[in-house]
Amino acid sequence: MRGNVSITKSLNYMLEFQLITLNDLDELIRMAIQTFRTSYEALNEPTNFADYLQKAFAPEQIKKEILHPHSIFYFLTLDQERIGYLKLNTEDAQTEDFDSEHLEIQRIYLLSEFQGRGYGQWMLQKAVDNALDLGKKYVWLGAWEKNPRAVSFYQKNGFEIIGAHDFLFGTELQKDFLLRKICI
């Protein structure tokens, strides 16, 4: 799961997954904030949103996540330009109490100008490939109920809603759908 680089070639471009290390901390934080803002800022109360950004993407928090032995981050690059990132969790790094047969996709984000071009499917496949390499049976993720585009995307790619959970976003109680796909 911690391989350096995997390369996929197409007729017109090269997609590459690059393992994120502490050396990439600042760029990862910039991309994380940018993609999260694009996806959710307009749909949330400004104070709650700002508080979340400050806590979730603080350098010490992201550093801790990068160093966790059961988490891994990748940048997706297109012709050497970083266009998105992926965070995968297993074992005790998972954000829900799923057993060891599961791999979590905690974050899967593309810069807005690269959405809708099939790159998200490459990222999902990378997660499934990691799960298979680790002998996992399932890949799962949470998707906000107020993001029907994301929920639809995951369902079109073989994920099924298996439940939901509430989470506190600042002072607001929100709900994520839990979606899962069988890998084997």
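**Entry 1: the model.** I worked from a predicted model, in which local features need pLDDT of at least 70 and side-chain atom pairs count only at pLDDT 80 or more, while totals for chains, interfaces and linings use all residues. Residues are numbered from 1 along each chain as its sequence is written, and side-chain values use heavy atoms, with hydrogens and water left out.

**Entry 2: α1 and α2.** I took helices (H or I, at least four residues) and strands (E, at least two) as DSSP runs numbered from the N terminus. Helix α1 (residues 25-40) packs against helix α2 (residues 46-56) at about 155°, with the axes 11 Å apart; axes are lines fitted to C-alpha atoms, for helices over the stretch in contact, and angles run from 0 to 180 degrees between N-to-C directions. The angle makes α1 roughly antiparallel to α2 (over 145 degrees; 65 to 115 is roughly perpendicular). On the α1 side I listed Ile33, Phe36, Arg37 and Tyr40 as making the contact (heavy atoms within 4.5 Å), and on the α2 side Phe49, Tyr52 and Leu53.

**Entry 3: α1 and α3.** Helix α3 (residues 59-67) meets α1 at an angle of about 110°, and their axes lie 10 Å apart. The two are therefore roughly perpendicular. Leu25, Leu28 and Ile29 of α1 touch Pro59, Ile62, Lys63 and Ile66 of α3.

**Entry 4: the largest pocket.** I found a volume of about 1,200 Å³ for the largest pocket. A pocket is an open set of points on a 1 Å grid over the protein atoms alone, where a 1.4 Å probe fits, with protein on both sides within 12 Å along at least five of seven lines; lining residues have an atom within 4 Å of a point. Grid points are joined across faces, edges and corners, and the volume is the space filled by probe spheres set on them. Of the 44 lining residues, Tyr40, Ile108, Tyr109, Asn147 and Tyr154 are closest to the centre. Strand β5 gives the most to this lining, with 7 residues. Elements supplying at least two lining residues include α1, α4 (119-133) and β8 (172-182).

Key: Angles under 35 degrees count as roughly parallel, over 145 as roughly antiparallel, 65 to 115 as roughly perpendicular and the rest as oblique.
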